[in-house]
Amino acid sequence: MRSLLNFLARYNNLIIFLILEGIGIYLLTTGNSYHNTRILKSVRNLTQGIEQKVRNTRNYLNLKDINAALAGENIALKNSIERLVKGENSLFFSVTDSIHKQQYLHTSAEVISNSVNKQKNFFTVNKGTTQGIRTDMAVISGNGIAGVVVGCSENYSVAMSLLNLDFKLSARIKSNGYFGSLSWDGRDYRLAILSEIPQHVAVNVGDTIETTGYSAIFPEGVLIGTVSEYEKYGGDFYKITVSLNTDFRKLHFIDIIGNMKKTEQLQLEKLFQ
Amino acid sequence: MINSILRFGLIFILLILSQVLLFNNIQFSGYINPYVYVMFILLLPVEIPAWLLLLLSFGTGLIMDFFSGSPGMHSSATVFAGFARPYILRIISPRDGYEPHVEPSMVIYGFRWFLIYTLLVVLVHHTILFYLEVFRVTDFFRTLLRIILSSVFSITFILLVEFYRKGK
């Protein structure tokens, strides 16, 4: 017993160090579900309050830019409504059941904290489960994709940004439909890498890259960016650098998109795996 | 005693706020992310008990974690830096040893000593932090470059603040 106490007294600092470092590593390794850790959740509320205040100030200073962006988006939406209404009228429908047609549900939200300078970036938005946000919903900004919701509390959600080493997305070249896997390499917040495009495919600088909709998270055809350069990589594939359309430094107003038929698709796909 | 608690509380709040509001928003080409809040660990008195140093380091890291939404990353790094600090101080101790009841500062021990001290602690902290952030070995040398560039920035800032304090 005495030798044990001696041992503890002699190495107490090492022991405290190991315990604290252990807590740190434990938090880190279970980190991807940090919104589930209760302590963090309660303190997060406090820091989110501060972040919201900072965000409000910044928003106020940027109101002019935001207004212009929203006006532009409005016009685009009006145009697409116009097209849709026309298309609808030209078809012969006796019963129009809108429920079965709508696959994606849009919710607009505001980003209250965001980062682009880490290797694993996340951003927080000001809507949560009460507003119908669930995990695995897609997040797009006005002009391109932004990320995927990974966790929700009642009034806030945390989304994994495209600028995250763990983020993977199925994307295709719009002109010819060949698809590959899009990820971020941690270097520049304006560039992402599209890989797995075979070398016989014609790729040009400036080609549009969009989502495929295979993942059941992102709708088909959402803009990602344009090809800024490409090189042969390994024997068979291209490594295509995509310049992203979304400016992650200015992420303010975003759209959260829920796929209403996701469970149906996933269940069906599960049957064949 | 109470005086110094208040003093370090104020330093702590200032450093955390400048980190969260200013330095977390700095980005040059994805390579430079200065983390200056580590200065708090640098400034604590030399004769502070090791357990208190560890707890304070852990607390600092934890608060940074809350603000950056990265549980465990900053706390692991700061605890390691706090653990390493006594050893670093022992290695670079001045010839006459440390004076009691003063904090390690440029005014007392000189520029060269303070530079080496800052360099070692910041490097230890940044190395742990950046490798934990990436958590993979594939980009080993790129991460190393990020560590070096970011450390240069953090150290420059810390030295500037220290010069300012010296000037006063």
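Helices H3(B) and H4(B) are roughly antiparallel to each other, because the angle between them, about 155°, is over 145. This is a predicted model, so each value here is computed from predicted coordinates. H3 of chain B covers residues 50-68, and H4 of chain B covers residues 73-91. Their axes lie 7 Å apart. The crossing of the two helices is right-handed.

The contact list for this pair runs along both helices. On the H3(B) side it includes B:Ala50, B:Leu53, B:Leu54, B:Ser57 and B:Phe58. Further along H3(B), B:Gly61, B:Leu62, B:Met64, B:Asp65 and B:Ser68 also take part. Among their counterparts in H4(B) are B:Met73, B:His74, B:Ala77, B:Val79, B:Gly82, B:Phe83, B:Arg85 and B:Pro86. By class, the contact of H3(B) with H4(B) has 12 nonpolar, 8 polar and 2 charged residues.

H4(B) has another helical partner. H4(B) and H6(B) pack at an angle of about 150°, and their axes are 9 Å apart. That angle makes H4(B) roughly antiparallel to H6(B). Here too the crossing is right-handed. From H4(B), the residues that meet H6(B) include B:Ser76, B:Phe80, B:Ala84 and B:Ile88. From H6(B), they include B:Tyr117, B:Leu120, B:Val121, B:Val124, B:Ile128, B:Leu129 and B:Leu132. B:His125 and B:Glu133 of H6(B) are also in the contact. This contact divides into 13 nonpolar, 4 polar and 2 charged residues.

Now to the interface between the chains. The contact takes 26 residues from chain B and 31 residues from chain A. On the chain B side, H3, H4 and H6 (111-134) each supply at least two residues. The chain B residues that touch chain A divide into 14 nonpolar, 10 polar and 2 charged.

Within it, 2 bridges join S1(A), residues 104-113, to S2(A), residues 120-125. One bridge partner pair here is A:Val111 and A:Val125.

A:Ile173 has A:Ile209 in S9(A) as its bridge partner. S6(A) and S7(A) pair in the antiparallel sense over 5 bridges. A:Ser170 stands opposite A:Ser181 in S7(A). The hairpin of S6(A) and S7(A) has 5 residues between the strands, and A:Gly177 takes a positive phi near 80° there.

S7(A), residues 179-183, in turn pairs with S8(A), residues 191-198. The sense is antiparallel, over 3 bridges. A:Leu182 is partnered by A:Leu194 in S8(A). S8(A) also pairs with S11(A), residues 237-244, in the antiparallel sense over 6 bridges. In S11(A), A:Ser243 is the bridge partner of A:Leu191.

How far does the confidence in chain A reach? Its mean pLDDT is 81, and 87% of its residues reach 70 or more. Where in chain A is confidence lowest, and where highest? H5(A), residues 98-101, has the lowest mean, at 54. S9(A), residues 208-211, has the highest, at 92. Where pLDDT is low, the predicted coordinates should not be read in detail.

Notes
Residues are numbered from 1 along each chain as its sequence is written. Chains are lettered from A and ligands numbered from 1 in the order in which they are written. This is a predicted model: local features need pLDDT of at least 70, side-chain atom pairs count only at pLDDT 80 or more; totals for chains, interfaces and linings use all residues. Axes are lines fitted to C-alpha atoms, for helices over the stretch in contact, and angles run from 0 to 180 degrees between N-to-C directions. Helices (H or I, at least four residues) and strands (E, at least two) are DSSP runs, numbered from the N terminus. Angles under 35 degrees count as roughly parallel, over 145 as roughly antiparallel, 65 to 115 as roughly perpendicular and the rest as oblique. A crossing is left-handed if the near helix is turned anticlockwise from the far one by less than a right angle, and right-handed if clockwise. Two residues are in contact if their C-beta atoms, placed from the backbone, lie within 7 Å. Ala, Val, Leu, Ile, Met, Phe, Trp, Tyr, Cys and Pro count as nonpolar, Asp, Glu, Lys and Arg as charged, and the others, Gly among them, as polar. pLDDT is the predictor's confidence in each residue, from 0 to 100. Two strands pair if DSSP finds at least two bridges between them.
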